[in-house]
Amino acid sequence: MAKTKMSVAGAALLAAGVIAGPAAAELVFPDLSYRTGPYAANGIPFSDGYQDYLTLLNERDGGIGGEMIEVIECETGYNTEKGVECYEATKGEGALIYQPLSTGITYQLIPKATADGIPMHTMGYGRTSAKNGEVFRWVFNYPANYWDGASHAINHILDVNDGDISGKTIALVYHNSAYGKEPIRTLEELAEKHGYELLLLPVDHPGQEQKSQWLQIRRAKPDNVIMWGWGVMNQVAIQEAVNIRYPMENFIGIWWSGSENDVLPAGDGADGYKALTFHNLGMDYPVYDDLKEYVVDAGMAAGAGDQLGTALYNRGMYAAMLAAEAARTAQEIHGTAQITPAMMRDGMEALEMTEEKMAGLGLPNFGPTFNVSCSNHGGDGLGAVAQWDAEAGSWSLITDYGPSDGSVLDPLISADSMAYAEENGITPGCE
Amino acid sequence: MLYREAGDFKTSYQADNQTFPIRFDRVGLRVVLVLALGVVPFFINDYWANAVALPFLIYAIAAIGLNILVGFCGQVSLGTGGFMAVGAYATYKLMTAFPEVSIIIHVLLAGGITAGVGVLFGLPSLRIKGFYLAVATLAAQFFLVWLFNRVPWFYNYSASGQISAPEREVLGYAVTGPNAEAWVTYLFCLLFLIFAAVVARNLTRGTMGRSWMGIRDMDIAAEIIGVNPLSAKLSAFAVSSFFIGIAGALFFAVYLGAVEVGEAFGINKSFLVLFMIIIGGLGRIGGSLMGAAFLVLLPVLLKNVLVGSLGWPTDLAAHLEFMIVGALIVTFLVAEPHGLAQLWRVAKEKLRLWPFPH
């Protein structure tokens, strides 16, 4: 009884809160962000970059193709239950695309978004086999995915060692979740091919406790350490590596373990730490002039407005740029400015990122060029290695964008996606 | 005036012992059941089901389960998250191994398996009590999460270690999977909650419940008057784990659809459910429902008011939410240490006398 009275009162209040009414004639981009909790240090810059770029489009160009953009932010705290709540709360508002920035939430949303017909873009995270667009019709992970990342890391180690790493030991320090487990299959296959020994060291959420893992590293003395970390785990791992005097140039993080917030706490000790990336770094781009003029100086920057030019801010901006370009492509294909999620999907599938296009957007040479097609939702999987310079306090690319090892990855992707298709009764195909 | 015993004559022993002795309550309960079963399903949408109704119903089942153990039998447990994980992984294995069997049977079997695991981890309760037992169940929590992370057989060797629920139907309507309609999942969980509440209520006022309460109030005295501590404690662990297992199964299969054991069933789950029964009221079935409602609905409500209506930044709202919920918990417990259920009981006492309190 009390329960019902309370929930009735709650229901009335909730209804007042929920029914805001979908905004008419706007392009809705939900931003499932996390500005609280152990992953906030990484969630904030990404979300700031994502929102600022879309604000820039609104302020400078009047939106995309004349349609204003509405960003609905929803705090997930990197928690899947809240992520589901955010998804349900925003999907009714006409959401065009979901970018949850969490592999756990991605796994949760893949079936839901597919059933609801809303595309997802999991840029450099999420389910790797979503690259196979014939199975995952609504999910995209261009320009690169985790298995590409694992292969890039091994390729870089091969380069450094003149192409021979047989008999070496490589440790993988990973977040003990779907996210951290993603690269294991690939690294095992690559270990067979190149003859190195793989040492697996899981770190439990949230990752503040890593003494035993680094003690193991200190004892086993692996030639290289690869890290799949996120949030506070990154900072702790880099600090622990400094504490045991692990040579930083042999320590390579995935692109999610390569932000300023991760290396700064370790100070000078972090000098030489390497991280992968699939886009360029720094703020030496014309788009930053516009961002300053239209967004920051106008006082419209998201969050505290102090993240400009950081690695993850750039990545958030890159994600927003790719989404905006996909929306523009969709508008061209369908000849209407007011696109639906289904049209958005077509735009994403026909997306072509060329050098001219990026230069025209004020981001010359910012990311690799790639084309998306129905059979390939993952782009070309190019990646580069960046190195941290503690004195200058900046990242710099030390390699060119290189390809991943397709001969190993393609069969894995095809096997994993086909298994998913079979489990879920999907007939692969492009319609 | 309306809320009183006068004129409501009980002519049999059974009538005298009913759960709701006042006619107003009985009518109210029927109205609520008719509304919940007959009206809500026609209006519920995806948001209401997935963000509000399902978490409330499922946590309520878990809270009823834990309340049997902690509230009625006095055995403090911090293993709820781990036992929910057992329910979830048991359903997953059953669903994938026997796809032709009904999901209802899978959920009940998952409850049964969890009951078995619960009895196993309940064995130390025969020798240790209180805080020490809490630590022993904490071990269950960590061990079970570690087990499901460590042994690939439990997640069918999937690359990511995630388990995801395939689509299963009841009477031709999808209950699990992305195509399940909001009203189907809502009704499915609601029926399990009603089942849990009815069974728990009737167990706790019978022989079994009285022996649990005897153990809770003073185990040596209970033993002297003939309560067997072995069967009382282990049956409490079994029944409690059965409900928690059902809650875990529904949490995974119906509500989330895909889970990762460390995140979904971590120590935080154990604390959350424990807080629910403490805030709701230990040893009260209704308290479990109120506690679950309080801790599930309040954050969603606050978020919608602060972000949706007032337009505040999401991070500020998230921080404020912690502060407000925390402050409310403290306030409630200071005002009424016996929980929301006791507040409700006091309110009912007042209502009986109203409007002539003297």
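Two residues are taken to be in contact if their C-beta atoms, placed from the backbone, lie within 7 Å. By this criterion, 40 residues of chain B are in contact with 43 residues of chain A. The model is a predicted one, in which local features need pLDDT of at least 70 and side-chain atom pairs count only at pLDDT 80 or more, while totals for chains, interfaces and linings use all residues. Residues are numbered from 1 along each chain as its sequence is written, and chains are lettered from A and ligands numbered from 1 in the order in which they are written.

Helix H13(B) gives the most, with 10 residues. By type, this side of chain B holds 20 nonpolar, 15 polar and five charged residues; Ala, Val, Leu, Ile, Met, Phe, Trp, Tyr, Cys and Pro count as nonpolar, Asp, Glu, Lys and Arg as charged, and the others, Gly among them, as polar.

Turning to chain A, seven strands form an open sheet of mixed pairing, ordered S6-S5-S7-S8-S9-S12-S13 (two strands pair if DSSP finds at least two bridges between them). Strands S6 and S13 of chain A each have a single partner strand, so one side of each is left without a neighbour in the sheet. Within the sheet, S8 and S9 of chain A pair in the parallel sense over two bridges, and Ile252(A) has Lys274(A) as its bridge partner in S9(A).

Definitions and conventions. Helix = DSSP H or I, 4+ residues; strand = E, 2+ residues; numbered from the N terminus.
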